[in-house]
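Please have a look at it first, and then we will go on together.

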Amino acid sequence: MTGTVLVVGASIGGVRTAQALRSEGFDGRIVLVGAEPHAPYDKPPLSKQFLSGAWELEKVLLLTAEQAAADGIELRLGSPATRLDVAGSRLLLADGEALDYDKLVVATGASARPSPWRPESGVHVVRTLDDSRHLADALRQDGPVVVVGGGFIGAEVAATARGLGHDVTVVDPMPTPIGRVVGPEIGSIFAELHHRHDVATRFGLGVEGVEGVAGNLRVRLTDGSTLNAATVVVGIGAVPNDGWLADSGLAVENGVLCDEYSRAVDAPDVFAVGDVARWFHPGYREHVRVEHWTNAVEQAVIAAHNIAHPDDLRPHSPVEYVWSDQYDWKAQIVGRPVLGVRHEIIGTLEGERPRGAVLYQDDADRLCGAVTVNWPRALVQCRRLVTGHAGYDEALDRIRALVSAGPAMAAVPATSADG
Amino acid sequence: MPVLKADFGACQGYANCVDAAPDVYDIDDDGVVVLLRTEISEEERPRIEEAARSCPVNALTIEDA
């Protein structure tokens, strides 16, 4: 195919779509539109290695100007897209420019859910490069840190702040925050991980308010207690960046509604990938929106293929996979553990050298998901087994066999920054 | 002929490469990538390029020998 493909959004989904278009043989014009002035960058290190200062900017860049030029990708950075005219095949940017397209890929991602608590200063979210820089500046000052939200981002920020020497407390209204993903029992082991690294938790409590200024904040909790903080970090989820599409004519319902080929419903020249896409997952027979790095990469490849090869459409039917590096844990989660009716732990998740896997059985006696800790080889196996709809007993046998096959792996060093 | 390279020190065991191209990438007991072969054909290159780009820490590259 020739013509012009506009890729709107220059984070992982957009960048990988542009690159995959070239790999798939598309030889027309590719324009990558990014709202921020920075060169395209990657987000996972922003709560870990970049936040701690272990990695410099160049290590988190996804696409340099030289790499873009080598692949014939035009970069149009620093001006967000403001309006999409599907009927006219035209994109408008905030600086007034209009771009015409033959195909357009929406890859505008998601934003941090804003903090409901807005004192004069000292409250941070972590989603963009500038967010991470501002928080890193704040963490260079002494003083306790309160993290509101015990999900992946909150836990990673807590581990990083602790590694930098701060007293840290994580607050979340759920009794076991990660329990939403892995179930309450395994969730409580994730909670213990904080305690083993001298991070306090106040789970099961909400935040009433945050007052003060940076360096001298008071976080009031729903049980009437107060936490003092120099810095507060709010990690309470993300919302898809689809507001700019409100009058586009696209079907937008908590993300751009797409078919199984990642094409926008009723707009075959528009695709969506990554956090902003709500597509029909043929394996699950329902529309899903997934905020995982790996999904953005895989969906980018699918969308690029389907644009370059419209006669050979491929559905996007992934098994979810997400990782989170917290303290001395490399946690990797595959499939849908939340569907499990029972689970079994192989190896160990606790102690000085944690290495283990939790396998979840669904109500059809299959392996529906797994959580592995410091055990990538088990993760690889579990990912294949979930993809292949393996029976639960077979899965247990396969992972147990790995225990006896491999030597004990040394634990990852106990720093938050290198996970 | 394109040649596969891996930065074994950078590898963190995220294992996306193994899922995307199990015929060329594997992972060892310590969670580090293993190259099952280093030379690939031009025909395979697009698929393996995409697998290499699924590495979250850019540990995988393809070079022209």
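Which element gives the largest share of the lining of the largest cavity? It is α1(B), with three residues. Before I go further, please keep in mind that this is a predicted model, in which local features need pLDDT of at least 70, side-chain atom pairs count only at pLDDT 80 or more, and totals for chains, interfaces and linings use all residues. Residues are numbered from 1 along each chain as its sequence is written, chains are lettered from A and ligands numbered from 1 in the order in which they are written, and side-chain values use heavy atoms, with hydrogens and water left out.

Now the terms: on a 1 Å grid over the protein atoms alone, a cavity is a set of points where a 1.4 Å probe fits but cannot get out, a pocket is an open set with protein on both sides within 12 Å along at least five of seven lines, and lining residues have an atom within 4 Å of a point. A volume is the space filled by probe spheres set on the points.

Let me turn to the second largest pocket, which has a volume of about 950 Å³. It is lined by 40 residues, and nearest its centre lie A:Arg16, A:Gln67, B:Arg53, B:Asn58 and B:Leu60. The elements that give two or more residues here include α1 (12-23) and β23 (321-326) of chain A, together with α2 (45-52) and β4 (60-64) of chain B.

Finally, an unreviewed UniProt entry annotates residues 321-392 of chain A as "domain: Reductase C-terminal", and such annotations may be inferred rather than shown by experiment. In the model, the end C-alpha atoms of that span lie 19 Å apart, and the span is 18% helix and 47% strand.

Terms used:
Helices (H or I, at least four residues) and strands (E, at least two) are DSSP runs, numbered from the N terminus.
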